[in-house]
Amino acid sequence: MDAALGHLVFSLKYDVIGDQEHLRLLLRTKLRTYHDVIPISCLTEFPNIVQMAKLVCEDVNVDRFHPVLYPKASRLIVTFDEHVISNNFKFGVIYQKIGQTSEEELFSTTEESPAFAEFLELLGEKVLLQDFKGFRGGLDVTHGQTGTESIYCHFRNKEIMFHVCTKLPYTEGDTQQLQRKRHVGNDIVAIVFQDENTPFVPDMIASNFLHAYIVVQVEKPCSEQTLYKVSVTARDDVPFFGPPLPDPAVFSK
């Protein structure tokens, strides 16, 4: 038991994303749940359980974790996960240029159009990641391994960190851009921004976690009359969900 955080439950899963081995880490506390995906290649030596817990929450202060041997533990943990209330959220943001129709193209974009930059200003404030004290959404705020800046929003006592694809590190020679996909591909919902009408379907991105996409297409960008046409699409296995968008789903800046 942690003196400050209380009872802790830690889960670990080995996973392969693309051709790279990862550790999927999940730390549950009474107030919130921490989650991160760590490439094994980034570890200088394999950490013990306490060190893994500190990777997702630096405030952990325990000497060891004890194995859970209760037969119904898995069911109880699932129940806890389903009912936990979070005030922290993370969303992916993908900039889809006209004509881009593959995952490789979507994750390889490095520049931001003026219209996309204007949209990011609408989402939240640009923050420097170094020593950032708010909700970081799994981004590195110590060593700069996930870029230098991101988009963050504090709205109605909720903290939102956006994983903006163009602000995450671009790796030359990596067609899959695993550094970017590690974050955007592990979000549940992503925003897809388009300067012009371009086809987008969820199957373009291979991910076990991305379930729904908010597609935003700009009209009259960088003006007093800027409008955003919004649509929502989801994977085939996602049941219908609300609230419904207005008709027409067009919003002013």
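Against which strands do the buried residues of α4 pack? They pack against β4 (88-96), β6 (149-155), β7 (158-164), β8 (189-194), β9 (212-219) and β10. The model is predicted: local features need pLDDT of at least 70, side-chain atom pairs count only at pLDDT 80 or more, and totals for chains, interfaces and linings use all residues. Residues are numbered from 1 along each chain as its sequence is written, and side-chain values use heavy atoms, with hydrogens and water left out.

Helices (H or I, at least four residues) and strands (E, at least two) are DSSP runs numbered from the N terminus. Helix α4 comprises residues 114-123, and its buried residues are A115, F116, E118, F119, L120 and L123. Here buried means under 20% relative accessible area, exposed means over 50%, and partly exposed lies in between (1.4 Å probe, protein chains only). An α-helix has 3.6 residues a turn, so residues three or four places apart point the same way.

The interior may be considered next. A nonpolar core is a set of buried Ala, Val, Leu, Ile, Met, Phe, Trp, Tyr and Cys residues joined through side-chain atoms within 4.5 Å. The largest such core has 22 residues, of which I94, L106, F132, M161, F200, I205 and Y213 touch the most other members. At least two residues of this core come from each of α3 (103-108), β8 and β9. A second, separate core of 18 residues includes F116, L123, V216 and V218. Beyond its neighbours within four places in sequence, F200 has contacts (heavy atoms within 4.5 Å) with Q96, L106, V192, Q194, I205, Y213, V215 and T233.

V232 belongs to strand β10 (residues 227-234) and is partly exposed, at 41% relative accessible area.

The backbone also deserves attention. Most residues other than glycine have a negative phi, and most peptide bonds are trans. R156, in the loop between β6 and β7, has a positive phi near 50° and is exposed at 69% relative accessibility. K220, in the loop between β9 and β10, has a positive phi of about 50° and is exposed at 54%. Cis peptide bonds join G242 to P243, with omega about 0°, and D247 to P248, with omega about 5°. P243 lies in the loop between β10 and β11 (250-252), where P248 is also placed.
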